[in-house]
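Please look through the sequence and the model shown here before reading on. The report then goes from the whole chain to its parts.

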Amino acid sequence: MAWLVLLFSGVLEAGWAISLKLSEGFSRLVPSLAFLVLATGSFAGLAWSMRLLPVGPAYAVWTGIGAALTAVIGMIWLGDAVSVIKIVSIVLIIAGVLGLNLAGVGH
């Protein structure tokens, strides 16, 4: 259950990052409120998950999901430039998260 909460919290992290962009420096009400709700939920889920999971892999999963998903959303919906190096970098983020988790297996 802790892993599911953590995964969902990583998705919420991407949501608050996108909301922060759309808030235009907190000058737009709805994206600013979305940021507050999503950030609160994301951090709460991370905090709850870390009670049961090791800090390194948990934080890596949370930030990795948030970073990779935010980058993909930016490229698909927000007009961020798409390049091979960006796509390779997203794959490397995912590989790093998986590697940290695999390194912790059995320890």
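## Overall layout

The structure shown is a predicted model, and in it the protein has four helices and zero strands. Read from the N terminus on, the elements follow the order α-α-α-α, and the C-alpha trace spans about 50 × 35 × 15 Å along its principal axes.

The protein has 107 residues, of which 32% count as buried.

## Helices α2 and α3

Helix α2 covers residues 29-50 and helix α3 covers residues 55-77, and the axes of these two helices come within 10 Å and cross at roughly 155 degrees. An angle over 145 degrees counts as roughly antiparallel, and α2 and α3 are therefore roughly antiparallel to each other. The crossing in which α2 passes α3 is right-handed.

On the α2 side, the contact is made by Ser42, Phe43, Leu46 and Met50, while α3 contributes Val55, Ala58, Tyr59 and Trp62. When the residues of this contact between α2 and α3 are sorted by class, seven are nonpolar, one is polar and none is charged.

## Helices α3 and α4

Helix α3 also meets helix α4, which is made of residues 84-103, and here the axes come within 9 Å and cross at roughly 165 degrees. That angle makes α3 roughly antiparallel to α4, and the crossing of α3 and α4 is left-handed.

From α3, the residues that make the contact are Gly56, Pro57, Ala60, Val61, Gly64, Ala67, Ala68, Ala71, Val72 and Met75, and from α4 they are Lys86, Ile90, Ile93, Val97, Leu100 and Asn101. By class, the contact of α3 with α4 holds 12 nonpolar residues, three polar residues and one charged residue.

## A serine in helix α1

Ser19 is part of helix α1, which runs over residues 2-22. Is Ser19 buried or exposed? Residues under 20% relative accessible area count as buried, and Ser19, at 8% relative accessibility, therefore counts as buried.

The side chain of Ser19 reaches the backbone oxygen of Gly15, with a distance of 2.9 Å. If residues up to four places away in sequence are not counted, Ser19 touches Pro31, Ala34, Phe35 and Leu38.

## Two residues in the loop between α1 and α2

Glu24 is placed in the loop between α1 and α2. The phi angle of Glu24 is near 50 degrees, which is a positive value in a residue other than glycine. With a relative accessibility of 53%, Glu24 counts as exposed, because the word is used for values over 50%.

Phe26 likewise has its place in the loop between α1 and α2, and Phe26 has a positive phi of about 65 degrees although this residue is not a glycine. At 48% relative accessibility, Phe26 counts as partly exposed.

How values were computed:
Residues are numbered from 1 along each chain as its sequence is written. This is a predicted model: local features need pLDDT of at least 70, side-chain atom pairs count only at pLDDT 80 or more; totals for chains, interfaces and linings use all residues. Side-chain values use heavy atoms; hydrogens and water are left out. Axes are lines fitted to C-alpha atoms, for helices over the stretch in contact, and angles run from 0 to 180 degrees between N-to-C directions. Angles under 35 degrees count as roughly parallel, over 145 as roughly antiparallel, 65 to 115 as roughly perpendicular and the rest as oblique. A crossing is left-handed if the near helix is turned anticlockwise from the far one by less than a right angle, and right-handed if clockwise. Contact means heavy atoms within 4.5 Å. Ala, Val, Leu, Ile, Met, Phe, Trp, Tyr, Cys and Pro count as nonpolar, Asp, Glu, Lys and Arg as charged, and the others, Gly among them, as polar. Buried means under 20% relative accessible area, exposed over 50%, partly exposed in between (1.4 Å probe, protein chains only). A polar contact is a pair of N or O atoms within 3.5 Å; within protein, one must be able to donate a hydrogen and the other to accept it, and residues adjacent in sequence count only if both atoms are side-chain atoms.
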